[in-house]
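Hi everyone, thanks for coming. Today I'd like to walk you through one structure, step by step, so please have a look at it with me.

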Amino acid sequence: MIPLLKAELRKTFTTRVWWILLLAALAWTGLMLAGTFFVAGMEHGPGRDSAEYGAMAWPQLANGTTFALVIGVLMVTTEYQHRTVNVTFLVTPERGRVIGAKLVTAALVGVGFGLTVAVLGGSAVAASILSAGGSLDLAANEVPRVVGGTIAAYGVYTMIGVGVGALVRNQVAAVVACLLWVFMVEPAFMVVPNEVVQTIGSWMPGIALASLYSTSSADFGFDPGQFLPVWVAALALVGYAVLASLAASFTTARRDLA
Amino acid sequence: MSMSPAKVSCMAAIEIREIRKSFRKKKAVDGVSFTVDPGTITGFLGPNGAGKTTTLRCLLGLVRPDSGEGLVNGRAYTDIPDPLTEVGAVLEATNLHPGRRGRDHLRVVCDAAGIPVSRADEVLEEVGLTEAGRKRVGGYSMGMRQRLSLGAALLGEPKVLILDEPANGLDPEGIDWLRRFLRYQAHERGVAVLVSSHVLAEVEQTVDNVVIIAGGRSVQQSALAELTREGESLHEAFLRLTSTGSMPMTFGKAGADQ
C-alpha cells in the first residue's frame, strides 16, 4: 500500500491544480472572514472584542471545504480525462487497491488543506480579537472542537470527492454535480421551514459536516437546534465515506476501459 | 521474474486463446488466437476497427473478454504480482497528463510499481528525453509522447513488450530509432515483442512474424517470410486477406458509368 500512496501523493503534487485549489480555499475563507470582521465592527455589530464575534468567526474557517471536495473529485476524474487511468491500472491491476490508495491520499491532502486554512485563518481571527482588546477565550466558543471539526471536515470532504469522481468519472459533470449539491440542494433543505425537511437535511453530508464545526450561536439560516449531535454526525459521515468507497471500488473494478 | 530456460522454450511468452468480446451487442473481437515467442517481433495487423486494440486490452486486463483468455508467460496479466517487471505495455501515447513533467510521469509509475525512482532518469536517457523530461508533457510533440510512454513501459526491464501503434506520429528519424530499438529488444535481449500497426511499410522492415485479423477474426499467423514467399508483397497479401470490397475501385466518370 505504501508504494501506491507514494504514487498517488506524487500524482497530486506534480500538477498545478493542488495549489490553485488551496489558494482558492484560502481566498474564499479570507473573504468570508473579512465580511464577518466588518459586520462585527459596524455600528450595531457585536464588536470584535465580544464572544459573539468569536462564535461567528471561528466556523468561517470551514468555507474552503468546497475546494477540498473539488480536489477529491479531480484526483479521480483527471485520470479518466487524460486517460492516465490506463497506465495506472496497467501498473496495478487490482483496481480496488488504487481506489483505496486514492482515498487515503485524499484524507491526507484534505487534512493538509484544513491545517493550512486553520493555521492562517485561525491566526487572523485570533489577531482580530486580540487587537480589538477582546480575550481569546477558547473554551467559551468551543474553539478546539470547532477547529478540529473544521480540519476533519476538509479531510472527509476530499474523500467524498474521490467517491463522487469514481462514480461519475466525467470531470465537468462531477464538479458541476458537487457544486449544485453544496450550493443549491443542501441549502434548499436548510431554508424550507418544515421540520421533516430540515430533519432530512440535517443528515445530508454537508450539513452533518457543519454540525462538527458550527457554534450554537452561528447563524446559518437554519435553526441550529436541527443539527445532529456531533458524535451522530461524525458516525453518519463515516457511513457516507464507507458507502462512497464501496460504490467507487465496486463500479471501478468491473468497468471495461475501452 | 527469473525463469528456467527449459520453461521458456516450451511456453509462448504471449498466448491469446479464442478471445471474444462484444460492446453493446456489436462484436469487436470474435475468436482471435495467436502466440508470440521470446526473442521475436510479431506484427499484429488488421484494418481500422478489426479488433486489434480490444484484443490487446483484453490481454492486459483492462477489458474483460466475454470468453477466451490472454496469457503472459502462462498466466493472466491481472495475476502477475508486479506486472511492470514482466510486461511493458503502451496502449496510446496520449495517456499522459499534459500538466505533469515527463520525468514526474515516470517517477509516479516507479512509485506505484515499487521500482527505485532513479530508473526514471536512466530510461529518459534511453529514449532520448533527458532534456525534455524537465518540461511539462503539454509541450511535447507526438513523437516525444510516444517515446515517453515507451519509457514508462521499460522501467521494469520487462521481457515482454506490447505496443499498440507505436509508430503513430513519429517522424522518419523516430521511426528509424523505433525499428532499431525493437530489433535490439527482441534479438539482443530476447524480449517477446508484440506490435500492432496498420502501417504495413513500417512493419515489413521490422517484424519476424505477422498475425493478421479482420472483422474480429484471425485470418493469418505465420512468419513474414512465409507469407511473402511467392513473390507477393505484404501489402498485396494484406489486401487479399482483409479486403471487404467496400471501397470504390474506380474514380470519376468511369466509375459512375460502370
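Predicted model: local features only at pLDDT ≥ 70, side-chain atom pairs only at ≥ 80, totals over all residues.

Residues are numbered from 1 along each chain as its sequence is written, chains are lettered from A and ligands numbered from 1 in the order in which they are written, and side-chain values use heavy atoms, with hydrogens and water left out.

A word on names before we look. Helices (H or I, at least four residues) and strands (E, at least two) are DSSP runs, numbered from the N terminus. Two strands pair if DSSP finds at least two bridges between them.

Let's go to chain B. In what order do the 3 strands of the open sheet run? The order is β2-β1-β4 (chain B), and the pairing is antiparallel. At the edges sit β2 (26–36) and β4 (67–72) of chain B, each pairing on one side only. On average, neighbouring strands here are turned by 20 degrees against each other, direction ignored. Helix α2 (residues 52–59) of chain B packs on this sheet and touches β1, β2 and β4 of chain B; contact here means heavy atoms within 4.5 Å. The helix direction makes about 115 degrees with that of β1(B). For such angles, axes are lines fitted to C-alpha atoms, for helices over the stretch in contact, and the values run from 0 to 180 degrees between N-to-C directions.

Now zoom in on β1(B). This strand, residues 14–23, pairs with β2(B) in the antiparallel sense over 8 bridges. Ile19(B), for example, has Val32(B) as its bridge partner in β2(B). The hairpin of β1(B) and β2(B) has 2 residues between the strands, and Arg24(B) there takes a positive phi near 45 degrees. Toward β4(B), β1(B) forms 5 bridges, again antiparallel.

The side chains of Glu69(B) and Arg17(B) meet in one, at 2.8 Å, N to O. That pair links distant parts of the chain, with Glu69(B) in β4 and Arg17(B) in β1 of chain B, 52 residues apart. Over all chains, a search of the whole structure finds 23 salt bridges.

On to another sheet of chain B. This open sheet has 6 strands in the order β5-β6-β7-β3-β8-β9, with mixed pairing. Its edge strands are β5 (87–90) and β9 (217–223) of chain B, each pairing on one side only. The twist averages 15 degrees from one strand to the next. For a parallel pair, look at β6 (residues 160–164) and β7 (residues 192–197) of chain B, joined by 5 bridges. Asp164(B) has Ser196(B) as its bridge partner in β7(B). Helix α6 (residues 172–188) of chain B lies across β3 (41–45), β6 and β7 of chain B, at about 125 degrees to β3(B). Helix α9 (residues 234–242) of chain B lies across β3, β8 (209–214) and β9 of chain B, at about 30 degrees to β8(B).

How many residues does each chain give to the contact between chain B and chain A? Chain B gives 32 residues and chain A gives 27. About 2,600 Å² is buried between them, with 57% of that from carbon and sulfur atoms. Buried area is the accessible area (1.4 Å probe) that two parts lose on being put together, summed over both. Leu62(B), Asn95(B) and Asp111(B) supply 23% of the area that chain B buries against chain A, more than any other three residues. Across this interface the rule finds 3 salt bridges. Asp111(B) and Arg10(A) meet in a salt bridge through their side chains, at 2.6 Å, N to O.

Last stop, chain A. Gln226(A) lies in the loop between α10 (205–213) and α11 (230–254) of chain A. Gln226(A) and Thr199(A) are 27 residues apart in sequence, and 6.6 Å apart in space, C-alpha to C-alpha.

Definitions and conventions
Salt bridge = Lys/Arg side-chain N within 4 Å of Asp/Glu carboxyl O.
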